[in-house]
Amino acid sequence: LHLMMLTVVCLLLVLSSASAANCPTNGPPSNATWRFTTSFPPGCNGTACSYFLGVRTNENPLFLDFMMEGKADGWIAVGYTPNPGMSDADVFVCALIGGQVTILDTYNIPNVYSNVVDSSQDLCPSSMSSVNGRIRCVFSRAIKTNDMVQDKDLNQSYYQLNGWTNAPGSSLTLIAYHGSTTPLISPSKLNPTTAVSAVSAGMASLDPLIRAHGILMIVTWPVLAVTGIFFA
């Protein structure tokens with residue numbers, strides 16, 4: 001309990017020292033239609049989705065609106081990175097910390113598997129909730145912010161990371177390592193400002209190196225087993 005309280009206090013101190021976000025006059029309406037969506041399992045709807053992301057252009061065309069929802073008691077997130085991996089990623093996190101849902105602008109340090117709270121909080125929350133084990137955050141962000149070190153220009157093409165977990169986060173290292181299946185990584189780059197239609201965040205969206213590893217494991221293990229029997 002004391003550790004949880006310390007985590008919340010540290011997080012509040014970090015956020016209070018961060019610069020205020022540049023926000024649109026209005027967030028997305030409750031009946032918003034999402035121009036681009038990502039879901040898992042493929043083809044799921046509503047509460048059947050372990051993960052859902054919707055993206056649209058705000059009524060102010062300088063901003064994008066986001067809606068993230070997932071079956072998680074820890075956090076759900078979306079990230080954008082120039083490389084097909086977790087490094088050097090601009091990550092938006094909807095996290096349940098100390099019993100409260102918080103939306104955080106975070107950053108994955110290049111060449112280091114570490115996620116930290118961005119010194120400039122550029123996300124504009126509209127609503128946040130946690131009901132029956134499902135986290136939901138609706139927020140906006142300027143397509144291009146003044147923080148060009150940790151924030152990505154969202155009118156460029158990136159690999160999209162989609163992650164969720166029941167593992168609790170902390171204030172300074174928010175997203176701990178969580179395995180190769182979450183986050184799911186888009187097979188190619190996309191532009192959040194112009195992307196349309198739907199993408200299923202299924203196993204086909206994993207990093208090609210991860211898929212290759214799985215295929216090689218499936219192929220080589222039977223060969224090794226037969227060889228072992230032959231020489232036994």
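User: Which side chains does the salt bridge at 2.7 Å (N to O) bring together?
Analyst: Asp90 and Arg141. A salt bridge here is a side-chain nitrogen of Lys or Arg within 4 Å of a carboxyl oxygen of Asp or Glu. This is a predicted model, so local features need pLDDT of at least 70 and side-chain atom pairs count only at pLDDT 80 or more, while totals for chains, interfaces and linings use all residues. Residues are numbered from 1 along each chain as its sequence is written, and side-chain values use heavy atoms, with hydrogens and water left out.

User: Where do Asp90 and Arg141 sit, and how many residues apart are they?
Analyst: Asp90 is in strand E5 and Arg141 in strand E9, 51 residues apart, so the pair links distant parts of the chain. Strands (E, at least two residues) and helices (H or I, at least four) are DSSP runs numbered from the N terminus.

User: Are Asp90 and Arg141 buried or exposed?
Analyst: Both are buried, meaning under 20% relative accessible area; exposed is over 50% and partly exposed is in between (1.4 Å probe, protein chains only).

User: OK, and how many salt bridges does the whole structure have?
Analyst: Five. One of them pairs Glu69 with Arg134 at 3.2 Å, N to O. Glu69 lies in strand E3 (residues 63-71) and Arg134 in strand E9, so this pair ties together parts that are 65 residues apart in sequence.

User: What about Glu69 and Arg136?
Analyst: Those side chains also meet in a salt bridge, at 3.7 Å, N to O. Here too distant parts of the chain are linked, with Glu69 in strand E3 and Arg136 in strand E9, 67 residues apart. Glu69 counts as buried at 19% relative accessibility, whereas Arg136 is partly exposed at 31%.

User: What does the side chain of Asp105 reach, then?
Analyst: The backbone nitrogen of Asp122, at 3.2 Å.

User: Which residues is Asp105 in contact with, leaving aside neighbours within four places in sequence?
Analyst: Among them are Asp90, Phe92, Asp118, Leu123 and Asp151. Contact means heavy atoms within 4.5 Å. Asp105 itself lies in strand E6 (residues 100-108).

User: Switching to backbone: which peptide bond is cis?
Analyst: The one from Phe40 to Pro41, with omega near 0°. Pro41 is in the loop between strand E1 (36-40) and strand E2 (51-57).

User: Where do Asp88 and Asn132 come in?
Analyst: Neither is a glycine, and both have positive phi: about 55° for Asp88 and near 55° for Asn132. Most residues other than glycine have a negative phi. Asp88 is in the loop between strand E4 (75-81) and strand E5 (89-97), and Asn132 is in the loop between strand E8 (123-131) and strand E9 (134-142). Asp88 is buried at 17% relative accessible area, but Asn132 is exposed at 78%.

User: And how many helices and strands in the protein?
Analyst: Two helices and 12 strands. Of its 232 residues, 47% count as buried.

Conventions. A polar contact is a pair of N or O atoms within 3.5 Å; within protein, one must be able to donate a hydrogen and the other to accept it, and residues adjacent in sequence count only if both atoms are side-chain atoms.
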